[in-house]
Amino acid sequence: MEIRDEHYEWAAIHRFGKMLNSPHPTFKTTHTYSTFTAILCWTTQRIRTCPIRPDKDIYARVPPEDDPNFEVFDAIQIALHNECIEGFFGKLPKATGNLNTLTLEDDEGNPISALAFLVSLRNAVAHGDGRSVKPVNRPKQLVGFEFPLSNPRGFPAWSSVTQLNRSAQVQIAGKMVDVFCERFREQHTASESDLATIGESE
């Protein structure tokens, strides 16, 4: 099924969300990781058209002249900026070892914003040497991936190494799919029938 011009901003993310919840039966962890990174990069890039810098007035922001949807996506960025990690994404599923253990405070003991966390995750998978993301194995089984995280430029200092299993990746990316699509649908009155059509096979 085609993606029409009026839906291009969010329809691919809607499809990624469906793929996130129905991974390849043989390569579940790898499939989830690939969908997770696609959602992470797409949504983070889109909402950061005019990036928030915590040391500046985030509300004195000038949208690009050719971006009619700036207000929709910037509202998501501001919501991420104003919430802590667990406030926005929820507590991650319990797991053994270091899996799904997050650093929640910066070096000054203040909560890390969901925005700083999201951007640092995006940076880990999209910047520099791709080998910085490593597989996490249990005996004879891939269970997740390890991400080296540090504060994005302009944010308070912090760093950590975070391991996320498949369930945690689904939770984080699924939240971005829900927020991204719902905010856009609210602003542009995409109907339930539009959603159903977009979800059909290509």
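The legends below describe several close-up views of a predicted model.

View 1. The protein chain has 202 residues, of which 45% count as buried.

**View 2. Helix H1 packed against helix H2.** Helix H1, formed by residues 11-20, and helix H2, formed by residues 28-47, pack with their axes 9 Å apart and at an angle of about 155 degrees. Because angles over 145 degrees count as roughly antiparallel, H1 is described as roughly antiparallel to H2. The crossing in which H1 passes H2 is left-handed. On the H1 side the contact is made by Ala12, Ile13, Phe16, Gly17, Met19 and Leu20, and these residues meet His31, Thr32, Thr35, Phe36, Ala38, Ile39, Trp42 and Thr43 of H2. Sorted by residue type, the contact of H1 with H2 comprises 9 nonpolar residues and 5 polar ones, with no charged residues.

**View 3. The covering of helix H1.** Helix H1 is mostly covered, since 7 of its 10 residues are buried. The buried residues in H1 are Ala11, Ala12, Ile13, His14, Arg15, Gly17 and Leu20. Among them, Ala12, Ile13, Gly17 and Leu20 also take part in the contact with H2.

**View 4. The largest nonpolar core and the surroundings of Phe36.** The largest nonpolar core is made of 44 residues, and those with the most contacts inside it are Phe36, Leu80, Phe89, Leu121, Phe147 and Leu164. Two or more residues of this core come from each of H1, H2, helix H3 (70-82), helix H4 (85-89), helix H5 (114-126), strand E2 (141-150) and helix H6 (166-188). The element that gives the most to this core is H6, with 9 residues. Leaving aside residues up to four places away in sequence, Phe36 touches Leu20, Leu121, Phe147, Leu164, Gln169, Ile172 and Ala173. Phe36 is also one of the H2 residues that meet H1.

View 5. Although Thr30 and Leu142 are 112 residues apart along the chain, their C-alpha atoms are separated by 8.3 Å.

View 6. With a relative accessibility of 9%, Asn100 counts as buried, because the cut-off for a buried residue is under 20%. Lys140, placed in the loop between strand E1 (134-138) and E2, likewise is not a glycine and has a positive phi of about 60 degrees. Its relative accessibility is 90%, so Lys140 counts as exposed, whereas Asn100 counts as buried.

How values were computed: Residues are numbered from 1 along each chain as its sequence is written. This is a predicted model: local features need pLDDT of at least 70, side-chain atom pairs count only at pLDDT 80 or more; totals for chains, interfaces and linings use all residues. Side-chain values use heavy atoms; hydrogens and water are left out. Axes are lines fitted to C-alpha atoms, for helices over the stretch in contact, and angles run from 0 to 180 degrees between N-to-C directions. Helices (H or I, at least four residues) and strands (E, at least two) are DSSP runs, numbered from the N terminus. Angles under 35 degrees count as roughly parallel, over 145 as roughly antiparallel, 65 to 115 as roughly perpendicular and the rest as oblique. A crossing is left-handed if the near helix is turned anticlockwise from the far one by less than a right angle, and right-handed if clockwise. Contact means heavy atoms within 4.5 Å. Ala, Val, Leu, Ile, Met, Phe, Trp, Tyr, Cys and Pro count as nonpolar, Asp, Glu, Lys and Arg as charged, and the others, Gly among them, as polar. A nonpolar core is a set of buried Ala, Val, Leu, Ile, Met, Phe, Trp, Tyr and Cys residues joined through side-chain atoms within 4.5 Å. Buried means under 20% relative accessible area, exposed over 50%, partly exposed in between (1.4 Å probe, protein chains only).
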